[in-house]
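These are my notebook entries from one sitting with the structure. I set down what I looked up, in the order in which I looked.

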Amino acid sequence: MNNLPNLDPNHTSGLDRRSFLVSSAAAGGGFMLGFHIPAGQAATATDAEVNAWIVINADDSVLIRVAHSEMGQGSMTALAMLVAEELDCDWSKVRTEFVDPRLNITRNKVYGGMATVGSRAVRTSHEYLRKAGASARQMLVSAAAQRWNVPAGECQAAASVITHAASNRKLGYGAVAQAAAKLSPPKDVALKDPSSWKIAGKSTMRLDIAEKVMGKPIYAIDVALPDMLHAAIAQSPVFGGKLKSYDEAAIKNRKGVHSVVPLANAVAVVGESYWHAQRALKAMPIAWDDGANGKVTSTEIAAFLTGGLNDSGDVPVARNDGDVKAALAGAAKVIEAEYRVPFLSHAAMEPMNCTVRFTEGGLEVWAPTQNAEAILSAAARASGIEPTKIVVHLTYSGGGFGRRGGAAPGDYVDQAVLIAKAVGRPVKMVWSREEDIQHDFYRPISSIKFAAGLDAEGNPVAWNTRVAGQSILSTANPAGIKNNMDAGFLICFTDNPYDVKNIKVDYAMRNTHVPVGYWRSVNHSQNGYFRECFFDEIARAAGQDPYEYRRKLLKNAPKQLAVLDAVAKKARWGEPLPPGHFHGIAQVDGYGSYVAAVAEISMNADGSPRVHRVTTAVDCGYVVNPDSVETQLQGAVVWALSAALYGEITIKNGRVEQGNFDNYRMLLMAQMPEVDVVQIPSGGFWGGIGEPGAPPVGPAVANAMLAATGIPVRSLPIIKRSTTSV
Amino acid sequence: MINININGKEHAVDVDPDMPLLWVLRDTLGMMGTKFGCGIAQCGACTVQLDGVAARACATPVSAVAGLKITTIEGLSTDGSHPVQKAWIAHQVPQCGYCQSGMMMAVDALLKSSPNPTDAEIDAAITNICRCGTYARVRQAIHTAAKT
Ligand code: FES
Ligand code: FES
């Protein structure tokens, strides 16, 4: 113990504290997003901050600031590549640093939104980042031209060197950076055509990987401070419950126990090590006031949703093309089905944790996050200290998947602040895996009732969709629910791309006491499964091949069709498979990208599938780092298979029944299929990549099972259908 | 006092004999490379080697490792030059990276006992959880490391 904070300053601690704090002059600035540094915040003497994103040192090294979180998705590297591309700098000289969220306040939001959610890091910031790079390049060229006393138009920049060909003179970026920083930025800059990119668009080694293979202390959970204590926490097992009482005397005299800190709905034991704290916490008798929900069970919740499926009352309608009722009545054949999915937990590998140190008049916080600004405001809220006096140390996050941004990103920060305040020493609070799985913001539970009508030729003439499930807004923003509608919950249906004339989508919202949130691929995760599996039921009823049937009905959706064709070709759809092997196919677009998947499975004797191979095809428009896109698609296959095969959070007595990886099962190497990823970037748009790979994978597996068995998979997880392991 | 040998260095630690090695490493000695993921020997994030054999440090009391050679991720190499680390970089395996210390320690132990493992051996030996889903590249990187 008693180590100094041992986070690597090059990559984790954000900006040094230099002069930025003092200036709040920026507040009234109205600066263009992306690269104007507010007045009074000029570069320091030792390095040249050419603009808010770019610092170039005399040795030509380039520091690029990254405002989004790096939780494994690779956007730290991708965002730096976009800046470097337009800057025309030498990529080998680039390093990055996370933006200090205070700086975004004092600099009047020059860094834009920092929330790293919705697969948005690249697709929402590419333009202002590229402009920041292009603008800085122009300033560097101007500074060199001024020094040489030649027109800037005669100078060229490439790989961090400015050249004046006529006089055969060269200057490195480092030599003119300080002069460039004093120039005013150009009013507007032209961006390169992506076809001429040299850095972006090429597979590039990620900047974070070298540290990650050496066990460096690069996560929030790794911080160690002088005099630091460790906290373990138990939260009310029933959502909405409160702490009633606890028997501190039972553990107070144990070795290594420092103190007990009660919170409104939790109690923490503070000790010399996490193990001392956690062991004592487990031994301490605690009584909870369960509140109104202490008896709720999954069976009850399921019945509540069934009520929604059958609700004949006034249910809000989100889409109503043509006349579904009449079309169904006149159909040659009607297919009906009900589908269900359970709650799911995020279970990021780095458990929720937060370290807090009170300083003179201020506060320091370390926490894994997808939204540094939300950490800052949570710490300010819990401590009563103004945000500009709070330092959020940014680290890599050991996964996030939506748990550390979005619905309630601050819960763990509030707790750590209150605990550190109570004990008067720095505290690192770590949630046990059980706390993590039992106090999540879960992927919502949902169910569907479909009816589709076919004409005599097997063409679909009507598709009715009734959704009954829990809106994420019920937790994230209850005030955002208007007229019992949450349009986001109906994605994949409201934008159903299949060519069916009569379509109706309505929603019987059924909110439970279980907190819900954004879970990698969010509402596309369940709705993609529902839609694509029911589609195969329709195709089957029509007696048609599910790939060909999709092709026919996607004739007005060329991008969906293109990934569908690409995946079918790569997986050799329709060609003979090994005996006992079956293919299933699905396509789901989302987050601005288009993805299709084919799964190849065989059936185990116990009725469970063995997934041999998953092929996916993706069109995300422009690709920044192709290798990173591939890893995200590979990872999404695992994410989706864990959920489809095993994933289920159930409720008993108002609380979550699962608690750790022994009963919330994950895919392992042994179940890992071969994965082929086909990238067909068509350009012209910027799609996300962290999430869209997941939604088509589960339905592709389920559809392969339908092909193998003739029995549709109408509820998840798949493992529940069998008696032994997959 | 319990004497333990970590990465070739002797440490005398004044801790409860039943304190898990994971927490001795992290909270007593400040060696943060070994990670906490589950605490019940399920995920492998805390994998270290005891005399070259993979073990889950969260379920290994410190008293049980006296006299054994403990190797942690920090002991593979300090400059990324170990064949497993090199293969991990070449295949760009880590995503969030949090599981990878344990993953690499398990893989290195496998390669010690089986220098050229089959896929079936890999499946049986590498039971670490990677929530980011890096398994496809883990497998490729194991085969690459086996060749070096
Ligand atoms: S922390 Fe030891 S196996 Fe998970
Ligand atoms: S790389 Fe994130 S859990 Fe394995």
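**Entry 1: a histidine in a loop**

I began with H513(A), which is buried because its relative accessible area is 18%, where buried means under 20%, exposed over 50% and partly exposed in between, computed with a 1.4 Å probe on protein chains only. I placed H513(A) in the loop between β21 and α14 of chain A; helices (H or I, at least four residues) and strands (E, at least two) are DSSP runs numbered from the N terminus. Before going on I noted that this is a predicted model, in which local features need pLDDT of at least 70 and side-chain atom pairs count only at pLDDT 80 or more, while totals for chains, interfaces and linings use all residues. I also noted that residues are numbered from 1 along each chain as its sequence is written, that chains are lettered from A and ligands numbered from 1 in the order in which they are written, and that side-chain values use heavy atoms, with hydrogens and water left out.

Which residues does H513(A) touch, not counting those up to four places away in sequence? I found V238(A), F239(A), N293(A), V296(A), I651(A) and G654(A), contact meaning heavy atoms within 4.5 Å. For W91(A), 422 residues from H513(A) in sequence, I read a C-alpha to C-alpha distance of 50 Å.

**Entry 2: the sheet and its helices**

I next traced an open sheet of five strands in chain A, with the order β13-β21-β20-β19-β14 and mixed pairing; two strands pair if DSSP finds at least two bridges between them. β13 (317–321) and β14 (333–341) of chain A stand at the edges with a single partner strand each, so each has one side without a neighbour in the sheet. Neighbouring strands of this sheet are turned by 10° against each other on average, direction ignored.

I followed β13(A) to β21(A) (residues 502–509), to which it is joined by four bridges in an antiparallel arrangement, and noted that D321(A) has I503(A) as its bridge partner in β21(A).

Two helices lie across this sheet's strands. Helix α8(A) (residues 298–309) lies across β14, β19 (446–454), β20 (460–469) and β21 of chain A, at about 140° to β20(A), while α14(A) (residues 522–541) lies across β14, β19 and β20 of chain A, at about 155° to β14(A). For these angles the axes are lines fitted to C-alpha atoms, for helices over the stretch in contact, and the values run from 0 to 180 degrees between N-to-C directions.

M509(A) lies in β21(A) and counts as buried at 11% relative accessibility. Leaving aside neighbours within four places in sequence, I listed its contacts as G469(A), S471(A), I481(A), N484(A), M485(A) and D486(A).

**Entry 3: salt bridges**

How many salt bridges does a search of the whole structure find over all chains? I noted 45, a salt bridge being a side-chain nitrogen of Lys or Arg within 4 Å of a carboxyl oxygen of Asp or Glu.

I looked at R102(A) and D100(A), whose closest N and O atoms are 2.6 Å apart; R102(A) is buried at 5%, and D100(A) is buried at 4%.

K555(A) forms a salt bridge with D499(A) at 2.8 Å between the closest N and O atoms. K555(A) lies in the loop between α15 (546–553) and α16 (558–570) of chain A and D499(A) in the loop between α13 (473–476) and β21 of chain A, so the pair ties together parts 56 residues apart in sequence. Here K555(A) is exposed at 55%, whereas D499(A) is buried at 19%.

**Entry 4: chain A against chain B**

Last I turned to the contact of the two chains, which takes 67 residues from chain A and 52 residues from chain B. The buried area is about 4,700 Å², with carbon and sulfur atoms giving 60%; this is the accessible area (1.4 Å probe) that two parts lose on being put together, summed over both.

I counted seven salt bridges between chain A and chain B. R137(B) forms a salt bridge with E630(A), with the closest N and O atoms 2.9 Å apart. On the side of chain A that touches chain B, α17(A) gives the most, with nine residues.
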